Amino acid sequence: MLQDLIDNFADWDSLVKVWPLLAQGLWLTAKLALVALPLGMLAGLLVGLGCALGGRAVRIGLLCWIDLFRAFPVLVLLVLIYYGLPFLGLTLPAFAAVVLALVLNNSGYYGEIFRAGLASIPHGQREAAAALGLSPLRAMLLVVLPQALRAVIAPLASNSLELVKATSIAAMVALPELLRSARVAQEQTYNPTPLMAAAVLYFLLLWPFAHAVARLERRMLATSGAGR
Amino acid sequence: MDRLAEYYLNLEILGTYGPAIAAGLWVTLAAAIATVALGIGLGLMMAVALAARVPVLRQAIVVWIEVFRTLPQLAVIIVLYFGLPYAGITLSPFWATVGALGAVLSAFAAEIFRSAIQALPRGQWDAAYAMGFRFRGAFFLVILPEAVRLAIPLLTNRAIAITKGTALGTAVSLSEVLGRAQSAMAIAANPSPLTLAAALYLVLFLPLVIASRWLESRRVVPR
């Protein structure tokens, strides 16, 4: 019984056979994350800064943007972009579609984090910076933003981890990243070893980050709990 | 403009496929509710077991939390649906999706509850003991209610984020809103069903997102 399970779920021969496929999938997952993460964070930063610097109309517009993209499941966004846009004559390659979906989705998540972080810095900081002769933009970038960053490190890290995990939705548009490659490999080996291997790879790669994020979050909750 | 309307808001096609897609909303809703119930319930139980320091169980729970907090939701769904049958366990698309999302949410919920319990000042325990409570009374009547209140904003955000993952059920042919819209789009060769699906998701999740914003704005320390 146990031997059956091992033969099925951890079959060494199957693993050796499908390893090249998995390795190539892993590389694609890494590429997706490396492209989408900085772009998503930059988009969110711009949204957050817009909220802090813009007038009332801009702020309301950006808040709608944030909530809209936070409300959309990222997969729905991806399907709209990948399968819906071609009807307009706009066909994106799968890689670009996944990146666009992740960036739009995370412009909402990161945007809210930066917005809340910037709003948490007392207004006196801006006034002090203005009194020193800094323009509003410089005051924001040189005085307020650095302080805000320190306050939002935990949610930023947590969201970045979620973004990397979300690259797996690329499997839904047949982009052979790690998860998709594992599914394809599974169809060759007729056992779930490739799936288990993908899960183990995800775990080994992401666990250090997940662990660090949890520690950051715990520390943040501890300070807010004691501060009540 | 006409072309836009024809492709993305084709009333004829929406009339044909709309009811079926809207009916998928019930599947989405049922999966979401089941996920939240399973995830929060299991998470709370695990946090209680951790606080009670039950040996062995404690280690098992820590491993569970680490694994499901780390793995991508879609990967867990796929493993449950396509992998478990080899171990003699076959799950329906619904339960594979709910089981996977519930496991992920339970890991986050347990972690949030645990942190909240630890974040409470030590004096709360002392005060409860001074009132004559023993561990059980102090924990369930004093510590836990406070911890739950502290945990609620983080928990709501996480629960919303994970419930949105019900759309991932499409990967295992769960016939919820997105899955139905995609097949309707394929048959009709027109993306209007997708527009409807997107609108339905907004109707479902936008109020939750706005509510969580309100809930968070009442916290002292903004996130």
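## Exercises on a predicted two-chain model

**Exercise 1.** What span should helix α3 of chain A have at 1.5 Å a residue, and how far apart are its end C-alpha atoms?

*Solution.* Helices are DSSP runs of H or I with at least four residues, and strands are runs of E with at least two, numbered from the N terminus. The expected span is 1.5 Å times one less than the number of residues. Helix α3 of chain A (residues 56-71) has 16 residues and should therefore span 22 Å; its end C-alpha atoms lie 22 Å apart, in agreement.

This is a predicted model: local features need pLDDT of at least 70, side-chain atom pairs count only at pLDDT 80 or more, and totals for chains, interfaces and linings use all residues. Residues are numbered from 1 along each chain as its sequence is written, while chains are lettered from A and ligands numbered from 1 in the order in which they are written.

**Exercise 2.** Which residues of α3(A) are buried, and against which helices do they pack?

*Solution.* A residue is buried if 20 or more other C-beta atoms, placed from the backbone, lie within 10 Å of its own. In α3(A), A:Leu62, A:Ile66, A:Asp67, A:Phe69, A:Arg70 and A:Ala71 are buried. These residues pack against α2 (12-53) and α5 (94-119) of chain A, together with α9 (192-217) of chain B.

**Exercise 3.** How many helices and strands does chain B have, and what percentage of its residues is buried?

*Solution.* Chain B has 9 helices and 0 strands. Of its 223 residues, 47% are buried. Its C-alpha trace spans about 75 × 45 × 25 Å along the principal axes.

Definitions and conventions: Buried ≥ 20, exposed ≤ 12 C-beta atoms within 10 Å, placed from the backbone. Contact = placed C-beta atoms within 7 Å.
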